Amino acid sequence: VEINEKSVSGKCALSRININVKDVYNDVNFDWSGPKKYDKINGYLTKSMLVIPLIDKENELIGVMQLINAQKDGKIVPFSEDVEYVITSLASQCSILLSNMLLLENIQALLDSFVDAMVTAFESRTPYNANHTKNVSKLCSDFVDYLIENKYYNLTNNEKEQLVMGAMLHDIGKMIV
């Protein structure tokens, strides 16, 4: 979605204010061609919409939360002020969660970079060790995949990543010696 004044999400992102639309098809403030096209293709009816900016602790916009079609007693209704208040609080929690996920991804990338640098330094010391650690970690990864595919053992992605990281680090102690 382009961030501009024409789209409801773009306007929300630019203004950083909640936008509560009671009836999309009778609203003239935004370009609703996208939702209307979606509705036509899928046999859906976009009626009410609540759009809330997601702002992190550094006051940076990290996204927009868009809820469609509030319901009450099985009927589509506008989002009430009470619901908007609660969803705004939920959006704040979502912002924290997204920020934490991005932080964890950055920390993991830093750790991976550090391990890669250590492995490169170790493997460059002797021709005998060239690619040894990378081969061990590849074999470890392939072996875990084999165990999972053949239902010998079920590991989560996190457990697999830990095993492969262990394989990458298995010779690092020798570097000190």
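1. Let's start with how α4 and α5 cross: α4 passes α5 in a right-handed crossing, meaning that the near helix is turned clockwise from the far one by less than a right angle. This is a predicted model, where local features need pLDDT of at least 70, side-chain atom pairs count only at pLDDT 80 or more, and totals for chains, interfaces and linings use all residues. Residues are numbered from 1 along each chain as its sequence is written, and side-chain values use heavy atoms, with hydrogens and water left out.

2. Helix α4 (residues 132-149) and helix α5 (residues 157-169) pack at about 155 degrees, their axes 8 Å apart. Axes are lines fitted to C-alpha atoms over the stretch in contact, with angles from 0 to 180 degrees between N-to-C directions. The two helices are therefore roughly antiparallel (angles over 145 degrees).

3. Which residues of α4 meet α5? On the α4 side they are Thr133, Val136, Ser137, Cys140, Ser141, Val144 and Asp145, facing Lys160, Leu163, Val164, Ala167 and Met168 in α5 (contact: heavy atoms within 4.5 Å). By class, this contact has seven nonpolar, three polar and two charged residues.

4. Now to α1 (residues 8-15), where Val8, Ser9, Gly10, Cys12 and Ala13 are buried (under 20% relative accessible area, 1.4 Å probe, protein chains only). These buried residues pack against β1 (19-21), β2 (49-55) and β3 (61-68).

5. The largest nonpolar core has nine residues: Val8, Cys12, Ile19, Val21, Val24, Phe30, Trp32, Met49 and Val51. Here α1, β1 and β2 each supply at least two residues.

Notes. Buried < 20%, exposed > 50% of the residue type's maximum accessible area, 1.4 Å probe, protein only. Helix = DSSP H or I, 4+ residues; strand = E, 2+ residues; numbered from the N terminus. Parallel < 35°, antiparallel > 145°, perpendicular 65-115°, else oblique. Nonpolar A, V, L, I, M, F, W, Y, C, P; charged D, E, K, R; others polar. Core = buried A, V, L, I, M, F, W, Y, C linked by side-chain atoms within 4.5 Å.
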